[in-house]
Amino acid sequence: MNFRRTVLKAGTTAVIALAFGAHAAFAQSDVVRVATDATFPPMEFVENGKRTGFDVELVEAVVQKMGKKVQWVDIDFKGLVPGLIAKRFDMAVSAIYITDERKKVVDFSQPYYAGGLVAMVKDGSPIAKLADLEGKKVSVQVGTKSVGFLTEHYPKVQRVEVEKNQEMFNLVAIGRADAAVTGKPAAFQYVRTRGGMTVLGEQLTTEEYGMAVRKDLPELTQAVNKALAQLKADGGYQALVNKWFPSK
């Protein structure tokens, strides 16, 4: 019994030491490592060789409020949550929906923007409402909520899974998919800047975006929430909303 207690105590001490080490390392560092998949305009994308977008500018403003700098890590969307779990970076911000499933393995900041899933079709498509998606080929991005949502709620849909958001649009444009299901900001950005596609009026879901944080860095989540509150109070947040979502 004494041996068992000693082992349990040693294990608990080790866990506490590891957690303390992570907290100490973050506190001493002037850098926050943030992962993103910069292929989702207007939230995050690359223009003229530089990352930009609502998420990118918001993260940089948040981290600046914290007195630190951003070290960006580029990764496919499907690797964001696994990368946080593996401690490859501190935070992931890439139009990530806050879901109960994800909250089991990562922490989230307070919601910073409301979005949701919508369906896009080529101009002139016979698909006029969500019910018309059944039996059609619908392109979705791997690792996103679109995949599971269509599987559960539209089982007759023929999913065409791709790695990047742009690939979804391309498949619809050339007729290899009948529709694409993606996040509302990206859908309206495409229609506004490229044209040739229509967003169906009815949303599939209403979701909230959050900044995902490693569970062993609760002080980072707290600092992010504090910085977000400051940006909303001083007008910095609204300025970014006005810039990237001019219709809002």
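Modeller: The answer begins with the whole protein and then turns to the core and its strands.

This is a predicted model, in which local features need pLDDT of at least 70 and side-chain atom pairs count only at pLDDT 80 or more, while totals for chains, interfaces and linings use all residues. Residues are numbered from 1 along each chain as its sequence is written, and side-chain values use heavy atoms, with hydrogens and water left out.

The protein has 248 residues, of which 46% are buried; buried means under 20% relative accessible area with a 1.4 Å probe, counting protein chains only. Its secondary structure consists of nine helices and 15 strands, taken as DSSP runs numbered from the N terminus (helices: H or I, at least four residues; strands: E, at least two). Of the contacts between residues at least 6 apart in sequence, 71% link residues at least 24 apart, a contact being heavy atoms within 4.5 Å.

A nonpolar core is a set of buried Ala, Val, Leu, Ile, Met, Phe, Trp, Tyr and Cys residues joined through side-chain atoms within 4.5 Å. The largest one here has 52 residues, and those touching the most other members are F54, L58, V62, M91, Y112, L133 and M211. At least two residues of this core come from each of several elements, including strand 1 (31-36), helix 2 (54-65), strand 9 (117-122), strand 10 (137-141), helix 5 (145-153) and strand 12 (179-183). Helix 2 contributes the most, with seven residues.

F54 deserves attention on its own. Leaving aside residues up to four places away in sequence, F54 touches P42, M43, Y112, Y113, Y237, L240, V241, W244 and F245. Two elements listed as suppliers of the core are helix 8 (218-234) and helix 9 (236-244).

Among the contributing strands, strand 12 is mostly covered, with five of its five residues buried. Strands pair if DSSP finds at least two bridges between them. Strand 12 pairs with strand 9 in the antiparallel sense over four bridges, and G183 in strand 12 is the bridge partner of L117. Strand 12 also pairs with strand 10, here in the parallel sense over two bridges; A180 in strand 12 stands opposite S139.

Notes. Buried means under 20% relative accessible area, exposed over 50%, partly exposed in between (1.4 Å probe, protein chains only).
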